[in-house]
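Work through the exercises below with the coordinates open. Each one gives a task and then a stepwise solution.

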Amino acid sequence: VARVIDGDTVVINGIGAVRLIGVDTPETVDPRRPVQAFGKDASAFLTALVAGRSVRLEYDTVRQDRYRRTLAYLYLTDGTFVNAEIVRQGYGYAYTRFPFRFLELFRAYEREAREARRGLWANAP
């Protein structure tokens with residue numbers, strides 16, 4: 001991973017921008033919007049997890065989004081499922097607008113994070 005753009009997008013050497021499937025984190029780089037609450041935390045979490053590390057990509061049915069970013073599931077060499085870990089630790093939401101292979105798993109991880117008040121759910125009413 002060459003660099004982390006934000007909490008759900010990275011740049012991978014030889015591939016370019018990769019948007020993580022099934023994850024949505026608060027915005028930090030959209031020039032049309034202010035930085036959203038917990039956005040910097042989500043970016044920092046992903047940076048600590050993947051920056052400079054080797055990863056394996058897996059794809060789902062759609063390989064690119066409308067911004068021409070590669071859509072993928074990311075795995076660390078130790079088997080850590082990065083997309084799922086973001087949701088499980090409460091640094092992002094399960095992005096359910098489009099169907100994907102792990103949708104129900106991510107919904108369950110989000111529910112668990114909410115109930116445990118992890119990450120962005122820590123101060124939720």
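**Exercise 1: an aromatic cluster**

Phe81 is buried, with a relative accessible area of 13%; buried means under 20% relative accessible area, exposed over 50%, and partly exposed in between, with a 1.4 Å probe and protein chains only. The model is predicted, so local features need pLDDT of at least 70 and side-chain atom pairs count only at pLDDT 80 or more, while totals for chains, interfaces and linings use all residues. Residues are numbered from 1 along each chain as its sequence is written, and side-chain values use heavy atoms, with hydrogens and water left out.

Task: classify the pairs that Tyr75 and Phe81 and Tyr73 and Phe102 form.

Solution. 

Step 1. Apply the ring rule: rings of Phe, Tyr and Trp (its six-membered ring) pair if their centres lie within 6.5 Å; planes under 30 degrees apart count as stacked, over 60 as edge-to-face and the rest as tilted. By this rule the count comes to ten aromatic pairs.

Step 2. Tyr73 and Phe102 have ring centres 5.0 Å apart and planes at 85°, so their pair is edge-to-face. Tyr73 lies in strand β6 (residues 70-76) and Phe102 in the loop between β7 (93-94) and α3 (103-116), so this pair ties together parts that are 29 residues apart in sequence. Helices (H or I, at least four residues) and strands (E, at least two) are DSSP runs, numbered from the N terminus. Tyr73 and Phe102 are both buried.

Step 3. For Tyr75 and Phe81 the centres are 4.7 Å apart with 15° between the planes, and the pair is stacked. Tyr75 counts as buried at 10% relative accessibility.

Step 4. One aromatic cluster is formed by Tyr73, Tyr75, Phe81, Phe100, Phe102 and Phe106.

**Exercise 2: charges over rings**

Task: find which ring Arg56 lies over and which ring has the charged end of Arg63 over it.

Solution. 

Step 1. The criterion is that NZ of Lys or CZ of Arg is within 6 Å of the ring centre and within 35 degrees of the ring normal.

Step 2. Arg56 lies over the face of Tyr75, 4.4 Å from the ring centre.

Step 3. Arg63 has its charged end over the ring of Tyr59, at 3.6 Å from the centre.

**Exercise 3: the sheet and the helix across it**

Solution. 

Step 1. Two strands pair if DSSP finds at least two bridges between them.

Step 2. Four bridges join β5 and β6 in the antiparallel sense. Glu58 has Tyr73 of β6 as its bridge partner.

Step 3. Ser43 is in α1, which spans residues 39-50, and counts as buried at 13% relative accessibility. Beyond neighbours within four places in sequence, Ser43 is in contact (heavy atoms within 4.5 Å) with Val4, Asp6, Gly7 and Thr28.

**Exercise 4: positive phi**

Task: locate Arg68 and Arg117, and state the phi of Arg68 and of Arg117.

Solution. 

Step 1. Arg68 lies in the loop between β5 and β6. Its phi is near 70°, positive in a residue other than glycine, and Arg68 counts as exposed at 66% relative accessibility.

Step 2. Arg117 is in the segment after α3. The phi of Arg117 is about 55°, again positive although the residue is not a glycine, and Arg117 is partly exposed at 41%.
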